[in-house]
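Please read them with the structure open beside you.

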Amino acid sequence: MIPDTPQTLLRKIAEYANGDDSAEWARFVELYAPVIRAFIVARGDVVPSDVDDVVQEIFVRLVNVLRTGTYRPEKGRFRAYLGTMVRRLLIDRHRRALARGAGREISADDVELLTETPDAAEYVDQRLKEARHAAAVEHVLSRTMLDARTVAAYRAYALDGELPDEVAARLGITINALRQIKYRVGRMIAAVEAQYGE
């Protein structure tokens, strides 16, 4: 089945926020939770035990945004809007943590995190693209029916950059088969990534 376009999905989610279809909300969470989680982890400002709490807080905010119609597609991509929302939430959390630890000297990392830079939208967009790709890779490699040798071959050759002859010999396949695995799995990843929308 071809996935909904992001605007169509967002309209359906807005309807859910007003009490309608919970199936669309589940689809939305399935598409965006891995991306948001990967983005938060990539930032490195949240302890692992808090990541799921931050993801949930983002979804609570999104329900309010979609319910009130605050997001306007004509003003920019949803990906950039979502990324900015995540970044602001992380900044707010960091500021609260600094306030609780009053008297602690603010580091250069703190200043960088708390400063809104002119290219923040570009930064957020790039990081969210990276997170979306990482989430798609992880989805394909861990949540599909690929056999263990295919996953190992793709990880070693495409992700870890190992030499093809070494990977092929270790896994008992030909170099041509290894290249086919890279191509086939790469297409699967691209298809999953496309579902996250623009």
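1. The chain holds nine helices and zero strands, and from the N terminus on its elements run α-α-α-α-α-α-α-α-α. Helices (H or I, at least four residues) and strands (E, at least two) are DSSP runs, numbered from the N terminus. The model is a predicted one, in which local features need pLDDT of at least 70 and side-chain atom pairs count only at pLDDT 80 or more, while totals for chains, interfaces and linings use all residues. Residues are numbered from 1 along each chain as its sequence is written, and side-chain values use heavy atoms, with hydrogens and water left out.

2. Of the 198 residues in the chain, 38% are buried, where buried means under 20% relative accessible area, exposed over 50% and partly exposed in between (1.4 Å probe, protein chains only). The chain exposes about 11500 Å², of which carbon and sulfur atoms supply 53%; these areas come from the Shrake-Rupley method with a 1.4 Å probe.

3. Taking contact to mean heavy atoms within 4.5 Å, residues 24 or more positions apart account for 64% of the contacts in the chain with a separation of 6 or more.

4. The largest nonpolar core has 48 residues, and Ile36, Ile40, Phe59 and Leu82 touch the most other members. Its largest share, nine residues, comes from helix 2, and among the other helices that each supply at least two residues are helix 3 (51–68), helix 4 (78–100) and helix 6 (120–143). Such a core is a set of buried Ala, Val, Leu, Ile, Met, Phe, Trp, Tyr and Cys residues joined through side-chain atoms within 4.5 Å. Leaving aside its neighbours within four places in sequence, Leu82 is in contact with Tyr32, Ile36, Ile58, Leu62 and Leu128.

5. Is Glu193, in helix 9, buried or exposed? Glu193 counts as buried because its relative accessibility is 16%, and its side chain makes a polar contact with the side chain of His133 at 2.9 Å. A polar contact is a pair of N or O atoms within 3.5 Å, one able to donate a hydrogen and the other to accept it. Beyond its neighbours within four places in sequence, Glu193 is in contact with Lys129, Arg132, His133 and Ala136.

6. Ala190 is also found in helix 9, but counts as partly exposed because its relative accessibility is 45%. Ala190 and His133 lie 57 residues apart in sequence and 8.2 Å apart in space, C-alpha to C-alpha.

7. The charged end of Lys182 sits over the ring of Tyr157, 5.1 Å from its centre; this requires NZ of Lys or CZ of Arg within 6 Å of the ring centre and within 35 degrees of the ring normal.
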